[in-house]
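Hi,

Here is the structure I said I would pass on.

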Amino acid sequence: MSDIGKVRVRIPSSIKAGDVVRVRTLVLHPMERIERDAQGKIIDRKYNYITKMTVTYLGKTVVLFDTTQSVSENPFFSFAVKATDPGQLKVTFTDTAGGRYEGTAEIKFS
Amino acid sequence: MGDDHRMTRRSVLGALGVLGASAATGALAVPDRATAQALGAQETVDAGLKRVFGGRPIKDGGGLIKLDIPLIAENGAVVPVSVEVNSPMTPANYVKHIYIVADKNRIPIVTRVALAPEAGQAYVGANIRLGETTDVRAIVEQSDGTLLQAKREVKVTVGGCGG
């Protein structure tokens with residue numbers, strides 16, 4: 001799993017000023033599930049899963065996902081952003097092991 | 001031998017006690033776990049909703065919320081779900097939070113999404129895990145504090161929540 005933390009951000013290929021664009025993001029991450037022993041007791045250890053995804057656009061946090069272990073492995077999220085000005089859209093994932101994974105997309109008008 | 005037996009019994013009882021405590025208080029009894037899993041604790045859906053919303057009334061928002069999720073999920077490990085809310089998304093009136101809740105998951109609150117008016121549209125999509133056939137709800141908190149929900153049952157062929 002050397003690919004952990006690979007982030008992909010996809011935006012539509014042509015965007016006009018003022019459009020509401022749907023952005024799709026994907027991060028490669030195991031999102032570990034809680035394990036149990038034979039007695040059904042939870043094995044107490046630190047599970048590595050993503051707890052937060054922050055989307056910033058033009059320096060402002062637009063969308064913030066707080067996630068739990070009920071989210072699938074290699075989490076996929078989509079959301080909408082109103083493209084008012086050209087600029088960078090940055091997506092940051094944070095996991096419980098202290099990892100921070102970033103992905104960016106450039107919003108340009110055609 | 002006798003000691004072994006007693007230890008097993010005790011640990012089983014202990015586990016039951018922890019489960020009982022978490023159901024009653026809505027938080028895990030182990031303190032460091034409780035802080036680590038502020039949102040995603042192991043609990044029943046009623047306890048989870050009570051913890052997050054504090055018993056505020058949740059109205060039916062079927063007309064405003066469009067919850068898109070397959071009726072039958074063959075693989076519970078990856079279930080695509082999307083929520084779209086009909087909202088003007090102006091600073092005066094916008095959707096503040098969208099929660100996705102899977103009733104029968106051991107961790108019922110799947111995700112909480114905070115939105116800013118700059119998003120332009122109240123839309124979120126995610127791939128979630130479902131442990132068994134369950135109701136999936138989308139709960140929407142508007143900027144004035146109103147809570148709305150839409151729910152739909154999803155049949156799950158193979159559960160994907162293991163723990």
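Predicted model: local features only at pLDDT ≥ 70, side-chain atom pairs only at ≥ 80, totals over all residues.

Residues are numbered from 1 along each chain as its sequence is written, chains are lettered from A and ligands numbered from 1 in the order in which they are written, and side-chain values use heavy atoms, with hydrogens and water left out.

Chain B first. It has 3 helices and 9 strands, in the order α-α-α-β-β-β-β-β-β-β-β-β along the sequence. Helices here are DSSP runs of H or I with at least four residues, strands are runs of E with at least two, and both are numbered from the N terminus. Of its 163 residues, 46% count as buried (buried is under 20% relative accessible area, exposed is over 50%, partly exposed is in between, with a 1.4 Å probe and protein chains only). Among contacts in chain B with a separation of 6 or more, 63% are between residues 24 or more positions apart; contact means heavy atoms within 4.5 Å. In helix α3 (residues 45–53) of chain B, the buried residues include B:Val45, B:Leu49 and B:Phe53. An α-helix has 3.6 residues a turn, so residues three or four places apart point the same way. Just after α3(B), B:Gly54 has a positive phi of about 60 degrees.

Now the contact between the chains. Chain B puts in 40 residues and chain A 36 residues, and together they bury about 3,100 Å², 48% of it on carbon and sulfur atoms. That area is the accessible area (1.4 Å probe) that the two parts lose on being put together, summed over both. I get 25 residue pairs in polar contact between the chains, both residues at pLDDT 80 or more. A polar contact is a pair of N or O atoms within 3.5 Å; within protein, one must be able to donate a hydrogen and the other to accept it, and residues adjacent in sequence count only if both atoms are side-chain atoms. On the chain B side, α1 (2–25), α2 (31–36), β4 (79–85), β6 (109–115) and β7 (122–128) each give two or more residues, and β6(B) has the largest share with 7 residues.

There are 3 salt bridges between chain B and chain A (a side-chain nitrogen of Lys or Arg within 4 Å of a carboxyl oxygen of Asp or Glu). One of them joins A:Asp66 and B:Arg112, with the closest N and O atoms 3.1 Å apart. Another pairs A:Arg22 with B:Glu84 at 3.4 Å; A:Arg22 lies in strand β2 (residues 20–27) of chain A and B:Glu84 in strand β4 of chain B, so this pair joins two chains. The charged end of A:Arg22 also sits over the ring of B:Tyr123, 3.6 Å from its centre (the rule: NZ of Lys or CZ of Arg within 6 Å of the ring centre and within 35 degrees of the ring normal).

A polar atom of its side chain is 2.6 Å from the backbone oxygen of A:Ile50, and A:Thr67 touches residues of both chains, including A:Phe77, B:Val110 and B:Thr111.

Next, the rings. A:Phe65, A:Phe77, A:Phe79 and A:Phe93 form one aromatic cluster, and the structure holds 4 aromatic pairs over all chains. Rings of Phe, Tyr and Trp (its six-membered ring) pair if their centres lie within 6.5 Å; planes under 30 degrees apart are stacked, over 60 edge-to-face, and the rest tilted. A:Phe65 and A:Phe77 make a tilted pair, 4.8 Å centre to centre with 45 degrees between the planes. Both A:Phe65 and A:Phe77 are buried. A:Phe77 and A:Phe93 are stacked, at 6.5 Å and 25 degrees.

Last, one bridge within chain B: B:Asp103 and B:Arg137 meet at 2.9 Å, N to O. B:Asp103 is buried at 15% relative accessibility, as is B:Arg137 at 9%.

Cheers
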